Amino acid sequence: MTVQLRVYVPPHPLIKHWLAVARDAATPSVLFRSAITELGRWLTYEAAREWLPTEDITVQTPLDVCPGTVINPQVPVAVVPILRAGLGLLEGAQTVLPLASIYHLGLVRNEETLEASCYLNKLPDKFHPQTRVLITDPMLATGGSIMTAMAELTQRGVDPTLVRIVSVVAAPPALQKLNAAYSGLIVYTATIDETVNDKGFIIPGLGDAGDRIFGT
């Protein structure tokens with residue numbers, strides 16, 4: 001059986017609420033930033049389900065001994081925010097994964113060709129093969145940035161099946177490219193919109209996430 005990309009749109013009321021706030025053009029930058037932080041928190045919470053490595057232990061309660069389950073500290077967890085907009089989701093993601101290592105990846109899109117180029121790369125030369133990697137990128141539009149990020153990660157030993165992508169809005173072009181190149185990859189997004197315009201913006205989308213997060 002062919003393994004394909006899986007895309008989850010969690011039906012959580014808080015995700016729906018903060019998506020609506022983020023979509024609204026009248027939302028001021030400070031509230032938009034809060035909305036993206038909250039989306040980062042709840043989408044990461046959903047992404048961590050059946051993804052974080054666990055181990056069974058025995059604990060002593062005040063009254064008796066009982067079995068327990070904890071996150072396995074021996075398996076590395078990393079978060080890779082795609083700059084600059086991915087920083088908006090990072091704050092929320094860190095509340096769920098406080099011990100994760102953070103590796104910044106700065107990508108900029110050529111407004112004419114829509115191709116992504118890298119201006120900052122803080123990834124290590126090699127990842128442990130069992131590393132869980134969470135990528136934060138609010139907009140999966142044309143797929144240029146996320147495909148560049150995945151290429152950088154996989155050439156450093158990251159297993160695509162252990163990667164989780166957290167986005168706010170995803171569109172078919174990016175999802176189709178990911179599906180063709182990385183079977184077994186899983187995406188968590190607040191919504192999937194229908195199309196991308198000729199300038200590379202998702203419609204209806206939420207505009208330029210980086211500009212709205214940072215007010216610039």
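**Figure 1. Overall dimensions of the predicted model.** The radius of gyration is taken over C-alpha atoms, and the globule rule is 2.2 Å times the number of residues to the power 0.38. For the 216 residues of this protein, a compact globule would have a radius of gyration near 17 Å, and the value of 18 Å agrees with this. The C-alpha trace spans about 65 × 40 × 35 Å along its principal axes. This is a predicted model, in which local features need pLDDT of at least 70 and side-chain atom pairs count only at pLDDT 80 or more, while totals for chains, interfaces and linings use all residues. Residues are numbered from 1 along each chain as its sequence is written, and side-chain values use heavy atoms, with hydrogens and water left out.

**Figure 2. Secondary structure, contacts and surface.** The protein has 6 helices and 13 strands (DSSP runs numbered from the N terminus: helices are H or I with at least four residues, strands E with at least two). Among contacts (heavy atoms within 4.5 Å) with a separation of 6 or more, 66% join residues 24 or more positions apart. Of the 216 residues, 48% count as buried (buried is under 20% relative accessible area, exposed over 50%, partly exposed in between, with a 1.4 Å probe and protein chains only). The protein exposes about 10,800 Å², of which carbon and sulfur atoms supply 55%.

**Figure 3. The salt bridge between Asp-193 and Arg-23.** The search of the whole structure finds 5 salt bridges (a side-chain nitrogen of Lys or Arg within 4 Å of a carboxyl oxygen of Asp or Glu). One of them joins the side chains of Asp-193 and Arg-23, at 2.8 Å from N to O. Asp-193 lies in the loop between strand S11 (186–192) and strand S12 (195–196), and Arg-23 in helix H1 (residues 13–23), so the pair ties together parts that are 170 residues apart in sequence. Asp-193 is buried, with a relative accessible area of 6%, whereas Arg-23 counts as partly exposed at 25% relative accessibility.

**Figure 4. The salt bridge between Arg-41 and Glu-38 in helix H2****.** The side chains of Arg-41 and Glu-38 meet at 2.8 Å, N to O. The two residues are 3 apart in helix H2 (residues 29–48) and are thus separated by about one helical turn. Arg-41 counts as partly exposed, at 22% relative accessibility.

**Figure 5. The buried pair Glu-152 and Arg-156****.** Glu-152 forms a salt bridge with Arg-156, and their closest N and O atoms are 2.6 Å apart. Glu-152 and Arg-156 are both buried.

Definitions and conventions
Accessible areas come from the Shrake-Rupley method with a 1.4 Å probe; for residues, only the protein chains shown count as cover.
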